[in-house]
Amino acid sequence: GRSTGGDTTLSKAILAARRALGDTAEAQTLIRTVPRFGYHWVGAVVEETAEPPPSVAPALPVAPAAAPRRQRNAAPVAVAVLLVLAAAWIVVHGSVAWRPRDAVTHTAGAPAGAAAVLPVDVLGEPEDAWLRLGLMDLFSNRLRDGGLSVIGSESVVALLRAGGAGDPREALLRADAQVRPIAVSAARHGAEWIVHATLADRTVDASAVDPIAAARAAADRLLEALGLPPHGTAARDAPTPTLDQLMQRTEAARLADDLDRARRLLDEAPAQWRDAPEARLRRAQIDARGGRFDEAGRRLRALLADLSAETQPTLRARVLASLCSIENQLDRADDALAPCSEAIDLGGAHGASDAVAIAYNNRAISHARRHDFAAAEADFARARVALAREGDLLALVRVDGNEATMLLGRGRPAEALPIFERVEHRFDALGLANETLIAIVDEIDACLELLRPADALAASERGWVLLPRVREATIRHQLQRLRADALAANGRLEEAHAVLEHVIGTADPAEEREPLALARASLAALELDGGHAELAAVLADQAVAGLPSAEDALRRARAAHLDVLARSALGDAAGAAAALDRLVRWSAGVPSTTFYADLAAAETASTPAAADALCERAAATAADLQLPSLVANAAVSCGRRLIARGELERAAIVVGRVARYADADFASAVLEAQLHRALGQRTPWQAALARAHALAGERRLPADLETFAASVPLADLGGKREGSAAEP
């Protein structure tokens, strides 16, 4: 019903088309997703010319069983036509296959007019191949130190990978019309290397026996040609050309994702170069890039003991910035604060702006994990300014994602969701599958908190397509678990159950404690709804034990709430009381977790008055937090009891709080139907019941909800039962 649309609208349309045809995102037997392009009809098509083809519009409904054959074939043809029209809309409105989705405005937060050094064209021997990325990185750093805004090497490599084969300058311009490519070439000429560089109408040359020295000289001459006399570059100059060559070789290998080669280069280097502080830092960074965070941390701490703030301040600042990042990776937010702060102070005083930018971002993450959100927001803002100056396109997008994750953790999914969507599109434009999938995971989480299950499922389908490109098990399992939650929220219980069992069966208990615990909590909810309270209690208890950190407080509270409900359903009053006591004790002081403690206490209270008081307190907390998922949980819990007791005036107030969600949220629709049935309002009951059926999927409605048998008068609301003369 809309004249305009975007990615979410298109995803919903494809989801509806697949359902109508009995297809799924996993099977893709009729509609296939073509990554980074669109959708492709792959079902068999029969062309019949004996009669004129039916018009498109009548073909959209599902044909009755007795229809002639040409009408039965019309629905798939109509869907194919709609897909072609959708593809045409995308092309006309600028989302062309070879162009990143957000290309026409601003790519991934790159600073306006930033320059980008392209991989170097190398004319030399096979052993000189490392110069392609090694000199590119050296040239970028040299120009940035001279005051030019230059996109980081890692960002350039990602952009070019996303752009595919062809002229790299065209790939960059497709990514952002404001990016200014710098073409560099290096060629052997007798005993010397000649480096040639061009930016727009400015061209420079330099020569030297060593290619690194020639590249340095060419970069300095380009700065001079741009009116930026070289300054501050000594900090990046290695003590000897040979050590400098080792550093650029290893960086070239790292940019090419060849970490084994980078380690080998360092391990096989002579001791005096291998043990140099720069090489030791590079080895720690390579370990961190490969996920060896404990080893990287040990190397960095040992290196810090050998570096003086007085004699090597810029290098020490970079080591500190790397260490604060490692501490955050290891979930040690408190330990990360000191190295982050020292890196900021030391780097700021001695011109190590790259270290300062990294440290601000990581200190913001540490503050957020410690719930010091004002300090986190301030540091994220400082990080953006520093990274814009550095021209680090990838890091700017990551800062956006990190801040959105903080917003989601603070219970502000409505603010976080558009940021996650933007981050997803930008990472996708850069061809970074891991980062794109992480953004999608957060989008699904935000949509579920906002009671937008269809949007959550559409996002999960985009993530499902990316799974084959992502090797990291933790990220894969996060997507699969949230995909299951989205399936369950849309009533596809069997699929959700199968996905969760897969995660639980394949996750490594030692390395993936959190994803495993969250999958068990999700499965516990399914088992409890399915009447398997004993299994639900076991799973919920395991989930609580696996979520010990402060960051997991809300999820742990939900799992603990399930544990209380499951034990109560089993008739285990003592076990329910013990589980509730544990939940109350550790949830004190955090509103989102005390909400679940109050809700669990209300659902197990011994008297209606006690239950009502606790439920009202939980509802007030949910209203203060303005989190739809909590508002709906409180309304369903409180509303059912009030309706059962016949207190319909109070129930109407409670149900009215979730009326806005009844078109999308199954539990809210059921609750609304229960209220109208109890009130004797046939027409509203029928409408609410129809909504509940449309949302149910494999979920069962309460048996008594299907029949209209009003038994409670409307005296308290000033009206009459439906059919009376005074009906409002």
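Q: What does the secondary structure of the protein chain come to?
A: In this predicted model, the protein chain has 33 helices and seven strands.

Q: And how much of the chain is buried?
A: Of the 728 residues in the protein chain, 49% are buried. The chain exposes about 32,900 Å², and carbon and sulfur atoms supply 54% of that area.

Q: What share of the contacts join residues at least 24 apart?
A: The share is 58%, counted among contacts between residues at least 6 apart in sequence.

Q: Moving to the rings: how many aromatic pairs are there?
A: The structure holds two aromatic pairs. One of them is formed by Phe 595 and Tyr 596, whose ring centres are 5.0 Å apart and whose planes meet at 85°, so this pair is edge-to-face. Phe 595 and Tyr 596 are both buried.

Q: What about Trp 685 and Phe 708, how is that pair arranged?
A: Trp 685 and Phe 708 form a tilted pair, with 5.1 Å from centre to centre and 45° between the planes. Trp 685 belongs to helix H33 (residues 682-696) and Phe 708 to the segment after H33, so the pair ties together parts 23 residues apart in sequence.

Q: Is Trp 685 buried or exposed?
A: Trp 685 is buried, at 5% relative accessible area.

Q: Which arginines lie over the face of a Trp?
A: Arg 483 lies over the face of Trp 464, at 5.2 Å from the ring centre. Arg 556 is placed over the face of Trp 586, at 4.3 Å from the ring centre.

Q: What does Thr 593 touch?
A: Leaving aside residues up to four places away in sequence, Thr 593 touches Ala 553, Leu 554, Ala 557, Trp 586 and Ser 587. Thr 593 is found in helix H28 (residues 591-603), and it is buried, with a relative accessible area of 1%.

Q: New topic: how many salt bridges does the count come to?
A: The count comes to 48 salt bridges. Among them is the one between Asp 267 and Arg 283, whose closest N and O atoms are 2.6 Å apart. This pair links distant parts of the chain, with Asp 267 in helix H10 (residues 259-268) and Arg 283 in helix H12 (residues 277-289), 16 residues apart.

Q: How accessible are Asp 267 and Arg 283?
A: Asp 267 is partly exposed, at 44% relative accessible area, whereas Arg 283 is buried, at 13%.

Q: Where do Asp 563 and Arg 567 lie?
A: Both lie in helix H26 (residues 553-569), four residues apart, which is about one turn of the helix. Asp 563 and Arg 567 form a salt bridge, with the closest N and O atoms 2.8 Å apart. Asp 563 is buried at 2% relative accessible area, and Arg 567 is buried at 19%.

Q: Which residues do salt bridges that share partners join into one network?
A: The network consists of Asp 260, Arg 263, Asp 267, Arg 283, Asp 287, Arg 292, Glu 295, Arg 298 and Arg 299.

Q: And what is the N to O distance between Arg 332 and Asp 335?
A: The closest N and O atoms of that salt bridge are 3.8 Å apart. Arg 332 is partly exposed at 28% relative accessibility, and Asp 335 is partly exposed at 44%.

Notes:
Residues are numbered from 1 along each chain as its sequence is written. This is a predicted model: local features need pLDDT of at least 70, side-chain atom pairs count only at pLDDT 80 or more; totals for chains, interfaces and linings use all residues. Side-chain values use heavy atoms; hydrogens and water are left out. Rings of Phe, Tyr and Trp (its six-membered ring) pair if their centres lie within 6.5 Å; planes under 30 degrees apart count as stacked, over 60 as edge-to-face and the rest as tilted. Buried means under 20% relative accessible area, exposed over 50%, partly exposed in between (1.4 Å probe, protein chains only). Helices (H or I, at least four residues) and strands (E, at least two) are DSSP runs, numbered from the N terminus. A charge sits over a ring if NZ of Lys or CZ of Arg is within 6 Å of the ring centre and within 35 degrees of the ring normal. Contact means heavy atoms within 4.5 Å. Accessible areas come from the Shrake-Rupley method with a 1.4 Å probe; for residues, only the protein chains shown count as cover. A salt bridge is a side-chain nitrogen of Lys or Arg within 4 Å of a carboxyl oxygen of Asp or Glu.
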